[in-house]
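User: I would like to go through the domains and contacts here. Please give the criterion behind each term.

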Amino acid sequence: MPKRTDIQSVLVIGSGPIIIGQACEFDYSGTQACRVLREEGLRVILVNSNPATIMTDPEFADATYVEPITPEYVEKVIAHERPDALLATLGGQTALNCAMALDRAGVLEKYGVELIGASIEAIERGENRQQFKKIVEQLGGESARSTICHSMDDLLAAADDLGYPMVVRPSFTMGGTGSGIAYDEADLRRIGGAGLAASPTTEVLLEESILGWKEYELEVMRDRMDNSVIVCSIENLDPMGVHTGDSITVAPAMTLTDREYQKMRDLAIGIIRAVGVDTGGCNIQYAVNPADGRLIVIEMNPRVSRSSALASKATGFPIAKIAAKVAIGYTLDEIRNDITQETPASFEPTLDYVVVKVPRFAFEKFPEADPTLTTHMKSVGEAMAIGRNFTEALQKALRSLESKHAPFDWHKEFVELDKDALLAEVATPHDGRLKKVMDAIRAGATPEEIHDATKIDPWFVDQLALINEVAVELIDAVELTPGLLRTAKRHGFSDEQIGKIRGLSADVVRGVRHALGIRPVYKTVDTCAAEFAAQTPYHYSSYDEETEVQPRAEGKEAVIILGSGPNRIGQGIEFDYSCVHASLALAEAGYETIMVNCNPETVSTDYDTSDRLYFEPLTLEDVLEIVHAEQLAGPVAGVVCQLGGQTPLGLAQGLADAGVPIVGTTPESIHLAEERGAFGRVLADAGLPAPKHGTATSYPQAQRIAHEIGYPVLVRPSYVLGGRGMEIVYDDGALEAYLEKYVANGLINERQPVLVDRFLDDAVEIDVDALFDGEELFLGGVMEHIEEAGIHSGDSSCALPPITLGREEVERIRRSTEAIARGLGVRGLLNIQFALASDVLYVLEANPRASRTVPFVSKATATPLAKAAARVMLGESIAELRTAGVLPAEGDGGHLPDGSPIAVKEAVMPFDRFKTADGRTVDALLGPEMRSTGEVMGFDSVFGTAFAKAQAAAYGSLPLSGRVFVSVANRDKRHMIFPVKQIADMGFEILATAGTAEVLRRNGVEATVVRKHSEGEGPDGEPTIVGRIWAREVDLVINTPHGSTSGGSPRADGYDIRTAAVSTDIPCITTIQGLGAAVQGLEAMRRGQIGVRSLQDWAALGAAAREGRDG
Amino acid sequence: MALPAPAIMVLEDGRTFRGESFGAEGETFGEAVFSTGMSGYQETLTDPSYHRQVVVMTAPHVGNTGMNDEDPESSRIWVSGYVVRDPSRVPSSWRSVRGLDEALRDQGVVGISGVDTRALTRHLRERGAMRVGISTTETDPERLLARVRESGEMEGANLSEAVTTRESYVVPAQGERRFTVAAIDLGIKANTPRMMSERGMEVHVLPATASLDEVLAVEPDGLFFSNGPGDPAATTAQVELLQGALRAGLPYFGICFGNQLFGRALGFGTYKLKYGHRGINQPVMDRTTGKVEVTAHNHGFAVDAPLESSTTTEFGEATVSHVCLNDDVVEGLELRDADGRLTSFSVQYHPEAAAGPHDAAYLFDRFADLMGGGLEARSARTSTTGKTGA
């Protein structure tokens, strides 16, 4: 049955900012969907507030709305565009919830928009636990015994029935928000209470504990002729109890007989049919009791999910793309399998390799947070690896995490390992547990002991034991024989691991290995276990016999682009954006593009983004082997290290040392920017001021520098991204504690000294992205931070064009940027942070690479910066790119035409995902260490509206009326008065603590005094401010921290206020500058009608304006 | 780690792989074929259709769930040799009673592990299925190659009698007996009579040598030919038996080898596929309903029948009812009388699954309907049975 002819235009909803539980996998799925729908000749309208996505590039849709994904804004888009259909199953829970809200509000009916992919009824059947359970039962399946609760009384009553421990799951939340395991009544009250609050339907499910059971997932696709296929089976190495997003997972399932697998398959197909997902994909989770095989259906997602992205990458079956095609009427047998080009999509992929996914956590960013893994997802990213066996795939995956703590390590002396302590430690799942399991095995724990402690399946335990046996052989061997080396490589050992064991450097091991001719071969992900020839070069390495890398076409030169690896705070989708753009641009310029990456959530690891894809770890060893294999296949122009963030940048020197050509900025220039002394000389030569600074490797040295330049000082380790370890330090005590901590954990050492800078209080921070070709500078954009200096640029909101800088200041910025670009020898992108204080423009730092803001700048100025950068890196000049139409013929982002829209970037913080060990939310404070997971863009003609949109997109709309609580630090009191007065004038009731209220009253602002948290409730039970926030009696919180920030201890009052606000989803402003911006936003909202406009329309307006100006 | 003994494997065209001994030690020969299923090795090993074949598993990890007492499809392992990459060292399943390696050794099945099974599969895909030898006793590939070239070919081989039951036996119907089926065992899998019996059929499993009289002696409502090894072109006795049964108006259902023999009985030829279909992920379209089913396959030969038109035979109008969407190979045949009523049908793939998906289980219902004579009445419902519950 071919494509439906009654649909001409489709609205696609994206997933908004990257948050824990909803990451760039939805950019991947949405991008695929947009591409497919446009190929089918449909008009595609897209709404997504996240500017860092590929899908929001104007060429991926006919009308791209970078607007908040809220029912109000999406309705405006629908009213303007009048689409025939809405596709909401590819934008995660955000899109699904938005579609449900639009339906409930009657918007879809009003405008005659048909929901395609999955109907409202199907979504409800899939997500409503009671209905779902009934469906499973009717199919002859089993669910865990459970009870639905709508109140605390319900919860307590159900507990008597089910018995502890129990799993608590709130309905309609994504990524398992609010779920947990209750071992006793106190747990139940805490987790259940929060769950009731988190669920939009105040609904929580309590169920029998199936902790320790085997956990599986199946990915299913269905078309409107009722053809269903299972795309992939996934088995969790971590048994039930750990959220699947936080689990180590393996595809295909490893420990199922065909009977058990087919039982799951029958249920999966029965479920997708009964739930009524008529056209699209869904994901179904199961638990199996290892003792007797009792099979339980846990849940389903009636949409494309994180696991779908993983399954797509693991099998080569592009779930999102095919989901989009079946949504518009195609049947699976009518869709071709891209990889074989000769077989249809109505088959089930079969794998002749093993895929392992490992989560990446960010607990180092939230030291107060409890690192125990539960049913509540905490990881911020993941790496996937492919090998010809499990041991190879697992070890590759662990090194893909790029954490030196992740890979197994036999360095430790045997005597240090205490088996019993280790067994006790591994009984609780936590980040790094697998490594402890390996240590326990090494300490002599038997497989039974490991299984009893962890419930990890005996087959996996044996695989770990096998890895250990190989390691022990490496330790014991008199000589590193070719056979032994080959065995170790076959089980995934890196040169570095082998070197550590044998007391050799990785380089020496590599040298020996190459001398013996022991190199990996590259196999192909082909969906069919080699039954048919693959037309798509999607490769992975293995120490096996035969390689499948094809020679390059005559006359073609290849460029290898290194991606950014697993998402982490500070290095996420923004870098993938630049890599993908480089690939597209270089393909256009005639190169064969080769992508290397190990992040399954990304667009870069789509097999059709680049000419060739290597799904491989980004380590020197793995990249060198790829370069070697590709050099054998044909000429390689060079490797791009500049676009994937710190990961590839860190490899540049090693690659250059091994004789690999690096395109663009040289490793020497990179070093020049990173190394403080050298960079200081570059600045001095150009006559540019930098804050007073010094470098130190010990506390006495650091103290001397701090005293010389005066507190407060900004301290940070060198060579880090995302402000890792960056703190503002106010006194000697804090400085000493800082050094102690970071010297101990190895972030500060002789080669990586700590940088001590004078901290510029009250400065305006400015971020610049620019392009330099050796001659000409193209200023991509100048962004003015809204928060004051001291808050990491990644967490700070900013405006482009800068809202308070004049033309003269921009020109100074341009001159300084050019001088630095020239001084460093940049070829490609450059990001500089400036601080403007007392009319002096200080240079804070320069990074000769793509920055986090490249996609934001590209979108805000309608200029494809990353594409241009890739071509500059390979030798084209800015002048040539202007002629070629890649860059504007004249002008640049530093000089935007009058009437250009204002773009506001706002960061999205994950505070609500992290709880301390005693169950409280971690503090919601911004500081110099980056902690945001994602960003949104607000786009409009004036700042206030753009800011209001950014707020709405990030946190939900600002309130238009109600109560505002104000409590600010003494130093902020003066600046607070005017904005708070404006808020009061708008009719808000102002609440304040006694001190703040007094200041306000003196300035003619009436404020109701509320009790501080530390004062406790009043004699007549008057609540404290924290109590009133929890009671949802406050609509907006303005609370700036007192004194020191993340390095020290914020005052307890502030902490409780902010965490209460975060927990209850009440907007919370923590800087005085943010307050000013919010006032402008509130005013804009109160003026009424905020409109929506697509990027394409903005561009057309801009073009018209330029013509008008020229004419 | 104790190192296993080395083993070598030599293909008919001289390509050699070195690996380690797996299962029994010794030397074995057969036709090298690859199977792409990721689950169900126990069913595969015990499927008589694999008699005289050396099976290469494309899934790298084999043996993870050990061997249990419920899943075998016959009383023994039939493959003549087994090629895997990473055999499991421990079985993990609550149903497992012994390890795979142990089972292979007990039954004297020679295998090899540690070889690049993907390279081997690609070789077979490009050059076609061919003879192979595995040896743990021979170290010289040339000498092994000479013996491979002397070993028997699959083309022209009649193997039914080697795999069939010696004595007939009866699998009783579950619940009320609705039909009696005469099932000719050409290498039958245990799940086939089981699925029939679940549908109220009493199954009389007869040896491959059974005559028409012996078939009629059980007073069957229908005749069934099972799957099995060998070249359909080398079989004449059962083709004649089937023609006799069709003339006698006995409804017929055939699976796999039974599809090929049905094709021959209707006058079609059969041919050897380059490398066959062996896996549990194959898309087949039921051309009578337009629905796609994901099916288990294990066949090296196929029927040569026209896809676009029906063929008039002495038994009625023969049509290709099922086709593999990967390569348009004939996957099913049906025969209708002058009134367009279905009288007999067969499929090339495995509706009994084991291992494999259950999408085609409806064919057993179709057989029951055929024998019940009420097919037309039910066919409207049958085409939508898949959707009940929606």
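Analyst: Domain bounds come from an automatic or database domain assignment. This is a predicted model: local features need pLDDT of at least 70, side-chain atom pairs count only at pLDDT 80 or more, and totals for chains, interfaces and linings use all residues. Residues are numbered from 1 along each chain as its sequence is written, and chains are lettered from A and ligands numbered from 1 in the order in which they are written.

User: What makes 6-150 of chain B a domain?
Analyst: The assignment does: it gives domain 1 (6-150) and domain 2 (160-384) in chain B. Their C-alpha centres lie 29 Å apart.

User: How do you know which residues of domain 1 and domain 2 of chain B are in the contact?
Analyst: Two residues are in contact if their C-beta atoms, placed from the backbone, lie within 7 Å. The contact takes 21 residues from domain 1 of chain B and 22 residues from domain 2 of chain B.

User: What makes S3(B) stand out on the side of domain 1 of chain B that touches domain 2 of chain B?
Analyst: Strands (E, at least two residues) and helices (H or I, at least four) are DSSP runs, numbered from the N terminus. S3(B) gives the most to that side, with three residues.
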